[in-house]
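I opened the model and kept notes as I went. Entries follow in the order of looking.

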Amino acid sequence: MSNKEKISTNQFVWMLFGIITSFTVLQIPGILILHAGRDAWLSVIVAWFLDVLLALVYAYMGLRFPGQNFVQYSMTILGKLGGRIVGFIFPLYFLMVTALLMRAISTLIETNLSDMPKLVIYSMGCITIAYTARKGIEIIARVCEILGPIYLISLFILFFMAIPIIKIDRVKPFLMEGSYPFLSGSILILSFIGICIMMAMYIPVCNHPENGFKAKFIAVTMGATMITTLIFLVIGAFGAEQAGSMVNPGASLAREIQVGIFERLESVWLIVAVGAGIMTCVNLIWAFSMGASQIIGLNSYKPLVLPATLIATVLSIISFDSNIEMLNFVFYVYTIIAVFVQTGLEMFLFAMAFILKKGAKKSS
Amino acid sequence: MFPALIFISISIGLIEGIPLAQKKMWKEFTTLFLLLIISIFLGLVKLLEISTPFDVLERIFGPIGKFMFDSSK
């Protein structure tokens with residue numbers, strides 16, 4: 001399948017930033033605080049470091065196999081059958097993340113707009129996701145290039161306005177329960193910010209593939225800074241116990257803010273968070289369709305977009321009876337699967353490329 | 001939900017399937033219908049009260065996650 005679409009390094013950064021921040025901000029702060037308590041923000045710093053190390057491997061593999069994403073170089077390294085089996089795990093993982101994210105977005109909307117029927121939420125989301133994903137990666141990149149800075153600025157404004165309600169005593173003392181909670185919490189958060197393994201899908205379509213590591217480093221640093229600040233402020237505003245019981249602490253923080261006569265500013269947060277979440281779903285559906293079509297050997301990924309969106313929607317509706325059930329899945333199951341796919345599979349491919357001597361040799 | 005799912009699946013099948021059949025892209029045509037059948041089957045899972053894919057994943061990976069994250073408590 002030939003792909004003539006190209007994205008710039010700048011677009012690459014904003015796409016990754018949107019993916020990391022929206023998925024993590026919508027799902028993780030509550031459960032991370034519940035697990036690691038006051039030290040939750042330290043987990044993000046450890047996870048950032050581990051993710052940057054992982055980015056080196058992904059960037060190297062992108063250069064060792066020029067013009068190929070991880071689905072394609074799986075087949076180059078392991079042969080057609082083995083490569084197809086290993087390579088198909090990546091698109092399946094993206095489909096699972098889409099289903100989880102769609103559920104998180106619908107939960108966020110239902111919490112804030114309780115009269116809105118579920119059917120309307122899901123159908124609007126699906127139509128937007130499928131329509132944008134079918135337009136191709138260049139259109140997705142342009143939308144992310146516009147939406148990314150808006151998301152970043154809105155987070156900055158939220159943080160700035162939340163400062164007056166912060167009580168620094170609620171964040172102290174550090175490491176009261178030892179280092180295990182925040183270190184195991186770092187695996188939890190790594191599984192979320194590690195979703196930017198999507199970089200392996202972007203490197204072949206980037207006009208400067210050698211900038212893959214730089215783009216990921218900038219995106220993950222911005223994303224981790226935003227998540228650390230959000231967790232720090234949420235703990236400072238509500239205390240670790242109360243924040244740990246919240247489904248979406250970011251929206252609760254926005255609800256607390258008042259500027260003059262303006263109240264209920266969480267609706268602004270809602271619009272931006274849902275927009276970024278939907279764009280992440282678009283990226284994931286594009287990645288699933290592209291990966292699956294390359295494995296099957298199709299001429300175009302586009303026929304797979306609509307059914308893939310439908311499958312993700314059905315999965316997000318049928319899989320969990322309550323939000324608690326979904327949070328339990330995310331905490332105990334998703335983390336293990338994500339670490340296995342993001343780290344285990346890629347390291348396996350990395351090792352096999354060396355052992356089997358596959359890919360372009362680096363020139364001195 | 002199930003009747004809506006059937007209606008959407010048929011609509012997608014017609015919208016995507018007819019142009020693919022006209023262009024004789026049979027591989028794409030088969031994959032499209034396979035994915036639509038999977039989505040209908042997933043819709044049936046709830047009605048037939050059988051395990052969803054996420055339930056299966058929970059049974060496999062859940063004990064590892066519980067061991068890892070609950071061992072400090």
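This is a predicted model: local features need pLDDT of at least 70, side-chain atom pairs count only at pLDDT 80 or more; totals for chains, interfaces and linings use all residues.

**Core entries**

I started at A:I285, which touches A:T98, A:I129, A:A133, A:V305, A:A308, A:T309 and A:A312, leaving aside residues up to four places away in sequence. I count a contact when two C-beta atoms, placed from the backbone, lie within 7 Å.

Residues are numbered from 1 along each chain as its sequence is written, while chains are lettered from A and ligands numbered from 1 in the order in which they are written.

Next I looked up the largest nonpolar core, which holds 153 residues. Such a core is a set of buried Ala, Val, Leu, Ile, Met, Phe, Trp, Tyr and Cys residues joined through C-beta atoms within 7 Å. A:L16, A:C196, A:M199 and A:I285 touch the most other members. The biggest contribution comes from α3(A), with 20 residues. Helices are DSSP runs of H or I, at least four residues, numbered from the N terminus.

I then went to A:C196, in the loop between α6 and α7 (199–202) of chain A. A:C196 is buried, with 26 other C-beta atoms within 10 Å; the cut-off for buried is 20 or more. I listed its contacts, not counting residues up to four places away in sequence: A:L16, A:I19, A:I20, A:K216, A:A219 and A:V220.

**Helix pair**

How do the axes of α3 (residues 70–112) and α13 of chain A cross? They come within 11 Å and cross at roughly 160°. Axes are lines fitted to C-alpha atoms over the stretch in contact, with angles from 0 to 180 degrees between N-to-C directions. α3(A) and α13(A) are therefore roughly antiparallel, a label for angles over 145 degrees. By class, their contact has 17 nonpolar, 3 polar and 2 charged residues.

**Chain A against chain B**

I finished at the interface, where 27 residues of chain A are in contact with 33 residues of chain B. On the chain A side, α6 (180–193), α12 (305–318) and α13 (323–355) each supply at least two residues. α12(A) gives the most, with 9 residues. I sorted this side by class: 21 nonpolar, 6 polar and no charged residues. Ala, Val, Leu, Ile, Met, Phe, Trp, Tyr, Cys and Pro count as nonpolar, Asp, Glu, Lys and Arg as charged, and the others, Gly among them, as polar.

Methods. Angles under 35 degrees count as roughly parallel, over 145 as roughly antiparallel, 65 to 115 as roughly perpendicular and the rest as oblique. A residue is buried if 20 or more other C-beta atoms lie within 10 Å of its own, exposed if 12 or fewer, and partly exposed in between; C-beta atoms are placed from the backbone.
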